[in-house]
Structures are given as structure tokens and as C-alpha cells.
Amino acid sequence: MMFEFTRSKTIGVEKREDGIFLVHGFLDDSVYTIELDLGVKTPEFTIVSARGCMKRYTTPECTKAPRILDDAVGLQTGGADFETKIKKLVGRGGCRHLADLFIECCNAVFPALIQTQWKEARSNGISKDDFIKGLVDKEPKIRDRCITYSREGELTERLGVSW
Amino acid sequence: MVQTVVDNRILSYTKNIHAGAENLDNGNTMARVRVDDTFLSAELEMEVKLPDLKIVSIHGRIIRSFAEECKNNAEILQRAIGMRVGSGITRLVKETIGGPNGCNVLADMILEGCNAVIMGFTVDEIDKQLAAKTDEGYEQAMRDMLENNPRVASCIAFAEGNEPRRRLGV
């Protein structure tokens, strides 16, 4: 059997000293190759820079798609309608595959922030369970995010967390 | 000058996603998706029946997760059986598989698989369009694509009144 279609997406996030997370995204599939670099300022999660490049595409118009990224600077990531907003702005106004990578890059900032906090907590001898308890206490958007972090979830029950 | 001090630019977080679609001997399509990030590793395969594009089987597992309890969530995938890969699938999957009573990672993986299945149908078409040997052949392929494709205003290439449309008289 051979792949009819294959897509790989790679995201890497680095934290700068000024609280800005730099996100590097790369999408490579049977049809497109796209690169994207985003800057997201925390704790507001505001997009402060966005640059992209269509490296392999289907029409000459596709190369113009990254220009729309200028309009995304200043937006806050997250929120109920964020994906819809980006699909409309970057997808319809530019390229839906670029929008897909853009959303993936934006969604990577919150886990990157958690990872930096976990790294610090672990170096201070805090256990994973205590870290998760603290996280649920101070990050409302973790609560009821999924079945594991739901009010009646196995994890919250085991750790004795409530809200 | 030789740089002697380097900023700490170790990545805080990484994520790798791979999705693929292949045609099976029984005429259906199989999508396979793998996600590996700093916190989690998961895999999924789902069979989509053609031509009605219904998900007829789905299996997956969370291999590594920050919270051990996440590994028990794979059964949630069975809620996707019978769903049709088409209009409305994004909202349906996000509400049924993801959300407070589901798993957002598995929901995103299903959508990634659906995208691979749909894109699998377009690769051949695009391949033919891009295989033109002459400028005239390419222009004709572009004209056909713009004229026959219903996705007007779905992206910059299909925008109404754009440069290729004007030039090709579409």
C-alpha cells in the first residue's frame, strides 16, 4: 500500500527572557511545504509577530497568502472563537493550510508555558501531582478542559481537587 | 568575532504530527495519525468507507501522557463510528470526542485523519493540473481549476476578481 496523501507538521517553541515565546512551525505534505514563525507575548497571549513562507504550492497566487499574517498581529490566541476567526482571516484571506499551521503554532504556546513552569517546579523538588494540583488551582482554563481535568474526572478525584 | 556566549534557546515545547491516508483492497480508505509532543504521545487509525465517507472503524491509544489517567481515554474514540467525513464534521468531533467529557487530543487527531482522507482525493487532481508541459497547458489547467472548482473565496487562489481570474478571463 502506498500513501495517497501524507502530511507532517513540526512545531518548536522557545521562550525568550522578555516573556515572548517564539514558535517555529513547518508543514510538509504531498502538496504543500509551508514555514511559519510566530512571536506570542505572555501572559496576555498576544501575537506580536507573524511571518510565513509558502515554499511548495499549487498556484502562483499561493505565494501571496502570507501577506495576510500582518493582520493577525495584535490578536489574542485562545478563546472560543479564535480558531474560527483565524480560519476566516488567514484561511479564506490567504491559505487554509497556512491557517491550519497558524492555529497549531498558537495552540503550542500554552503547553510551552506550562512546560517552563513544570521545569522550574521540578527543580524545586515539587512532585508532579502537586504541580498539577497547583495548576488546576491557578489556571481556570485547565478546569473542565477535558475528561481527565473535569470536575468528576479520575485525576481530580485522585488528587482531591475541587472547584 | 567568535561568539562566546549563547542564549539558552533550548526548546520549551515540541510537537510532531504525522497523518497519512492510503487506499485499502476493500475499496475503503485508512487514515493513520501519530502525535508526539513534550507531554504526550498517541496514535490512531480509522477506516473510512467509500463512497459514503463514513467512519466504520477506529482504534487508538495514548502511549505517554503527563497525567497517567489520560491513557484510559481511548474508548472515547468509539463515539466517532458512523460519523461522515464531510460538512459539519469539525464541530461534531469537537463536541462529541473533545470537550469536558472527552479528549481534545484524540478529537484533533480524528480531524487530522479526516483531512488526510479528503486531501487524498485532491492529490491526483492537482497532480494532473501541475503536470502540464507547456505554459499554454498550465494556463488551461488553471482555467479549468478556477472554472470547475466550487471553492470560490475559500482562499487567495480562488478569490473573486483576483489576478489569474482576470488574466484567464474566468
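A charge is taken to sit over a ring if NZ of Lys or CZ of Arg is within 6 Å of the ring centre and within 35 degrees of the ring normal. By this criterion, the charged end of Lys128(A) sits over the ring of Phe66(B), 5.0 Å from the ring centre. Lys141(A) likewise lies over the face of Phe45(A), at 4.3 Å from the centre of the ring.

The model is predicted, and local features need pLDDT of at least 70, side-chain atom pairs count only at pLDDT 80 or more, and totals for chains, interfaces and linings use all residues. Residues are numbered from 1 along each chain as its sequence is written, chains are lettered from A and ligands numbered from 1 in the order in which they are written, and side-chain values use heavy atoms, with hydrogens and water left out.

Aromatic pairs were assigned to rings of Phe, Tyr and Trp (its six-membered ring) with centres within 6.5 Å; planes under 30 degrees apart count as stacked, over 60 as edge-to-face and the rest as tilted. Over all chains, this rule gives six aromatic pairs. One of them, formed by Phe131(A) and Phe66(B), is edge-to-face, with 6.2 Å centre to centre and 85° between the planes. Phe131(A) lies in helix α4 (residues 128–138) of chain A and Phe66(B) in the loop between β4 (54–64) and α1 (89–96) of chain B, so this pair joins two chains. Helices (H or I, at least four residues) and strands (E, at least two) are DSSP runs, numbered from the N terminus. Both Phe131(A) and Phe66(B) are buried, where buried means under 20% relative accessible area, exposed over 50% and partly exposed in between (1.4 Å probe, protein chains only).

The ring centres of Tyr13(B) and Phe39(B) are 6.4 Å apart and the planes are at 35°, so this pair is tilted. The pair links distant parts of the chain, 26 residues apart: Tyr13(B) is in strand β1 (residues 13–23) of chain B, and Phe39(B) is in the loop between β2 (29–37) and β3 (41–49) of chain B. Tyr13(B) is buried at a relative accessible area of 3%, and Phe39(B) is buried at 14%. Trp118(A), Phe131(A), Tyr13(B), Phe39(B) and Phe66(B) form one aromatic cluster.

A disulfide is defined as a pair of cysteine sulfur atoms within 2.5 Å. The structure holds zero disulfides over all chains. The closest cysteine sulfur to that of Cys106(A) is in Cys105(A), 7.0 Å away and too far for a bond. Cys106(A) is buried, at 4% relative accessibility.
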